[in-house]
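Hi,

Here is the structure I promised to pass on to you. Have a look at it first, and my notes follow below.

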Amino acid sequence: MAVSAAKSRLKVIVIGAGPAGLCTATALRQEGHRVTVLERRRDTQPHGHALVIQPAAVRALQHLKGAHKAFDSVSVEAGALRWWSYKGTKPFAAPAASPSERRFQTDRPSVQKVLHELAVANGAQLLFGRTVQAIEDVAEKPRLWTADGEMFTADLIIAADGIKSATRKIIFPTQHVDPIPLRESIFLTSAPVSQLAQDARLAPWLESATKHGTLGPDRFVLSRPMHGGLLGVQFIDVDHADPGPVDGNWNTPADVGLLRTRFSDFNAITRAFLEHVRHAEKWQMARGAELATWRSASGRIVLLGDAAHAMLPHAAQGLSQGIEDALSLARMLRWTTKSGVDIPTVTKAWVNLRKPRADIFMKQSTSNANVWSLPDGPEQEARDEKIRQMGSRPPPDLSGVEMDMSANQRTPQFLKWARDYDVVLESERAMENVLSGL
Ligand SMILES: Cc1cc2nc3c(=O)[nH]c(=O)nc-3n(C[C@H](O)[C@H](O)[C@H](O)COP(=O)(O)OP(=O)(O)OC[C@H]3O[C@@H](n4cnc5c(N)ncnc54)[C@H](O)[C@@H]3O)c2cc1C
């Protein structure tokens, strides 16, 4: 590693004004760096559905001035998740939510709006209608070109260009890094609670601060309140169809009739809700390829957010990991200014810190989908029994528990690591370790 005279401000280009890119831009501006965001669309992308920002990402956002207040204003109370069988007339388990876990239960359009406003307020330069087409990974000053032929240079390029990241293909030209399309599709629906409240059959789903998971063979349904007085319901069809190419646009209209047919063997409450649905969007699922690293050969181009670790949504961690990426990278780059550590050394330490954590959530999101869509039979009965037992106990007290990322995912040690992890503190420790190894 190299240490040179401390730099005061870095020139950083962020590719992509999705939530991860915008969060990164704001975090870097708050550290005093010059930041330009290049986004191929003409405006920020307003599509999406219910989304939870998990406790560890909420903790990280304490370091982004203005974020907590803004997210509070677009969040609803996050309560307990009640579990139903697709054949059941009432929940079979209702584990209590732990009072110490703070989440932002919100939705993607609101997240996008909040992070866009923060990036603008903090002075990031946002350039829309710029599609990045070519990148040159030269030491010291990597360069890129947009489709219109504009050239930009920077000390560091951060590619937050989503699941179909073009940067990923450019910096790893000989590796198979395309996203992997899956048979799973998710149908996203929502309806105003005021309208649904007229239908007594839906009362259990409308109780305040409750979320509901309904498990059936090959399919499951998640319902939760959303900002703006809406109930958001996601219909997950794990074995929907042979996948086409990865879309990555998140707004394909779905056939509501087909959705009703596919879930016609689900319980009365699910079918009642579907009677109210007039419009649905279909997201064909894909996941990111396993990458060996998230940085280019020079160490001055990094992948971040879904570009680095696109995962299924069933651990509700995709964006939360993007937020952790953003706040940790911004904090670690402080060492370039305060101690003169060079950028490639920082990005190496950052990937070493971040990738193992995101990799675990990638695996967890796939395994959750498998477990929640088991066919009727002994495995499904054992799963339901475990959930029932969890529901009969108070939430685990994690105060004296040691974090363990390698522990089984249902243990308090793993839960502690998933929820109470402090990515900014860990970033500081990682950089202190780098310095002590000099
Ligand atoms: C159904 C569902 C539910 C989810 N629920 C949760 C949840 O509860 N909690 C959670 O944490 N996460 C959740 N996620 C995941 C979350 O939505 C994503 O992880 C997040 O949106 C990714 O943000 P991003 O900024 O990395 O990528 P994106 O949102 O994909 O943004 C990438 C941006 O880059 C731009 N771009 C692409 N290529 C170029 C180019 N060449 N030049 C310039 N710009 C470019 C794109 O236009 C886009 O604006 C969910 C996802 C799904 C599908």
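The shell around the ligand divides into 14 nonpolar, eight polar and eight charged residues (Ala, Val, Leu, Ile, Met, Phe, Trp, Tyr, Cys and Pro count as nonpolar, Asp, Glu, Lys and Arg as charged, and the others, Gly among them, as polar). Before the details, please note that this is a predicted model, where local features need pLDDT of at least 70, side-chain atom pairs count only at pLDDT 80 or more, and totals for chains, interfaces and linings use all residues. Residues are numbered from 1 along each chain as its sequence is written, and side-chain values use heavy atoms, with hydrogens and water left out.

In total, 30 residues surround the ligand, and the closest are E39, V52, R108, W283 and D306 (a residue is near if one of its heavy atoms lies within 4 Å). An N or O atom in the side chain of E39 is 2.6 Å from an oxygen atom of the ligand. A polar backbone atom of P19 is 3.3 Å from a ligand oxygen, while a nitrogen atom of the ligand has a backbone N or O atom of G318 at 3.4 Å. Taken alone, the ligand exposes 1000 Å², and the protein buries 94% of that (Shrake-Rupley method, 1.4 Å probe). The elements that give two or more residues to the shell are α1 (19–30), β2 (34–39), β3 (50–53), β16 (281–287) and α11 (318–332); helices (H or I, at least four residues) and strands (E, at least two) are DSSP runs, numbered from the N terminus.

Now to the sheet. Five strands form an open sheet with parallel pairing, in the order β6-β2-β1-β10-β17 (two strands pair if DSSP finds at least two bridges between them). β6 (125–128) and β17 (301–303) each have a single partner strand, so one side of each is left without a neighbour in the sheet. Inside the sheet, β1 (residues 11–15) and β10 (residues 156–159) are joined by four bridges, and V14 stands opposite I158 in β10.

A134 has W145 in β8 as its bridge partner. Six residues lie between the strands of this hairpin, and E140 takes a positive phi near 75°.

Enjoy exploring it!

Methods:
Polar contact = N/O pair within 3.5 Å; in protein donor to acceptor, adjacent residues only side chain to side chain.
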